[in-house]
Amino acid sequence: MDTEITIRTTNLVKRFHTRQGDVTAVDGVTLQVRRGETYGLIGPDGAGKTTTTRVILGLLRRTAGESQILGFDSMRDAYEIRHRVGYIAQQFALPPDLTVRENLEFFGRLHGVDTATQGQRIAELLEFAGLNEFERRQAGRLSGGMKKKLALACSLVHEPEVLLLDEPTLGVDPVSRREFWNLLGYLRAEKGVTIFVCTPYMDEAERCTWVGLMYEGKLIAQDTPAVIKTMVPGRLLEFIPSEFVAAKHLVASMEGILEVQTYGVMLHVFVDDVVRRRAEIEARLAEQGITCSQMREITPRMEEAFISLIRRQRLRTAEDGADDSG
Amino acid sequence: MTVGDPSKHPIVVQDLTKKFGDFTAVDHISFYVQRGEVYGWLGPNGAGKTTTIRMLLGLLKPTSGRAFVLGYDPATQAKEMQAHVGYMSQQFTLYHDLTARENIRFYGQAYGLSGRRLRQREAEILEMAGLVGRERVLTANLSGGWKQRLALGCAIIHEPSVVFLDEPTAGVDPISRREFWDLIYGMAKRGVTVLVTTHYMDEAELCQRVGFLSRGRLIALDSPDQLKRTYMRGQVLEITADDPDAAMKLLLQAQREGRLPLKEVALYGAQVHAVVPDAALYKADIAALLQQAGVEVVSVEWIAPTLEDVFISAVKES
């Protein structure tokens, strides 16, 4: 066994039987998470992120393929996994009538942590999560951001080597979200904890060491954020056209234009040659009386790459569908 | 402070204050919004965003100060105002056991639409939300993006001139969010004024002007570019090292011990971001500190702050 690989799936498949027929939520996913890594699983709603996480944890039975954490099989070794892994579910609920401390004690007992160790860990975790002052407050009366931090602290009571987090910052404000990620950064740098996190936020994906992009049950790209950001076609021009809709259609029909994305009042246009196409776009739009302001080349962010990759995947799926029917 | 003209500006807020007992939820806020403007609000939970919107909708009476929406005073003229204002809340208020079309019809009737106008608006909303072909799908079975566009459609079925969107995109993926923003700008182009609150920096970047709210006060208000120029205290350095975890550990330690004036240290994938008072001044110090501890430094670069950096800096300062 390779001890450097903490989470491993091989051709993982999960099918659900529904009244409408079989749905393949996870469709042949192969991934590896190395020790100490922060792996972000990103993808649109319904891509299969949550199902993948639950199958890895052994909360759902896989249909085919393999899945392991720390060398333990998700299905056969559920007990071993439970004691070495921390998990925050998407719709988690902490007992609201228990205080912050009582919640931590509750999770400590759940994981069989002995009383002496528990006291010391809880003190550390209260400090870590910045919840010292709120020790006696009922969980139900905490703010959204503090609830998430408490959930994180609870998932750490048994000092897991691996954390699986399913959209842990959903609905949390930017300040709390940054604090939450700074806690994850601390766990990574100071404790070497391996983190597997599902997120719909592209700026959070940038904070991961490795990113897997999921779409319709499949992993369609997997790499470091830096490399994922290069998976866009050509280079990116940004500008504000005076006539948005007309400009969008006009530009999309031009030669050398690889992709057009909208960004508020701006157009993001991927081109094969920045200097040449920039002049051509300006000239072409000017013919129609459309002016462009703030035209500049920008570096694609995770979000632009994500949108581009998903779009191209959709086109490919549509083309395959057309081939099948033809 | 900006005053605004209720006869010209669709939203005018003057010294608006709301107290709940001892707690001041909204603390002397003043601003106005231009016709057709997309005006965004960014703030932590509890900053007073929803309370202000509720006052602008006439659902809550202000403790002091005034507000005008399309010239109406929501505190006394909510009824007259209602026909011209749309509202979409964080929890999309859709009936899950109704189909998409039934939800649209229900909202249309609630706003007093009937006959041909209702049928026409129904068709327009289905088209706008991309729900053509899905009219009969139960709302419960629609994915997040569809539900969100349906909720927006229901909120604007009566063609309001002012629309309030309170965290409309929570939990929706980036592609659906972009599509949603296309709809928002489509409305703004037609002269609709939009006030939107959000938790997402990338969305705030899309607004023409952004207000930062903190503890009931409007602490900054400007275009995203201008906010970045004016409100960032300190500069962001991006550190690339052979071992980012070790670099992070060392910088956190230096911060704790006060050896370097680091306002923020955060891991961003393979890089560490540090906020320092002066990038040029501390660049070398940071590199030296890491090198001495045996961490190989590839580069220390001064990078532009994101709107999130600026927001966090402004909130901390206030």
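Good morning. In chain A, a hairpin joins β1(A) to β2(A) through 2 residues. The model is predicted, so local features need pLDDT of at least 70 and side-chain atom pairs count only at pLDDT 80 or more, while totals for chains, interfaces and linings use all residues. Residues are numbered from 1 along each chain as its sequence is written, with chains lettered from A and ligands numbered from 1 in the order in which they are written.

Strands β1 (residues 5-18) and β2 (residues 21-34) of chain A pair in the antiparallel sense over 11 bridges; pairing requires that DSSP finds at least two bridges between two strands. A:His17 has A:Asp22 in β2(A) as its bridge partner. Strands (E, at least two residues) and helices (H or I, at least four) are DSSP runs, numbered from the N terminus.

Let us turn to chain B. Helices α3 (residues 100-110) and α4 (residues 115-128) of chain B pack at an angle of about 135°, their axes 10 Å apart. Axes are lines fitted to C-alpha atoms, for helices over the stretch in contact, and angles run from 0 to 180 degrees between N-to-C directions. α3(B) and α4(B) are therefore oblique to each other: under 35 degrees counts as roughly parallel, over 145 as roughly antiparallel, 65 to 115 as roughly perpendicular, and the rest as oblique.

Finally, chain B is divided into domain 1 (11-229) and domain 2 (232-317), with bounds from an automatic or database domain assignment. The C-alpha centres of these two domains of chain B lie 38 Å apart. Thank you.
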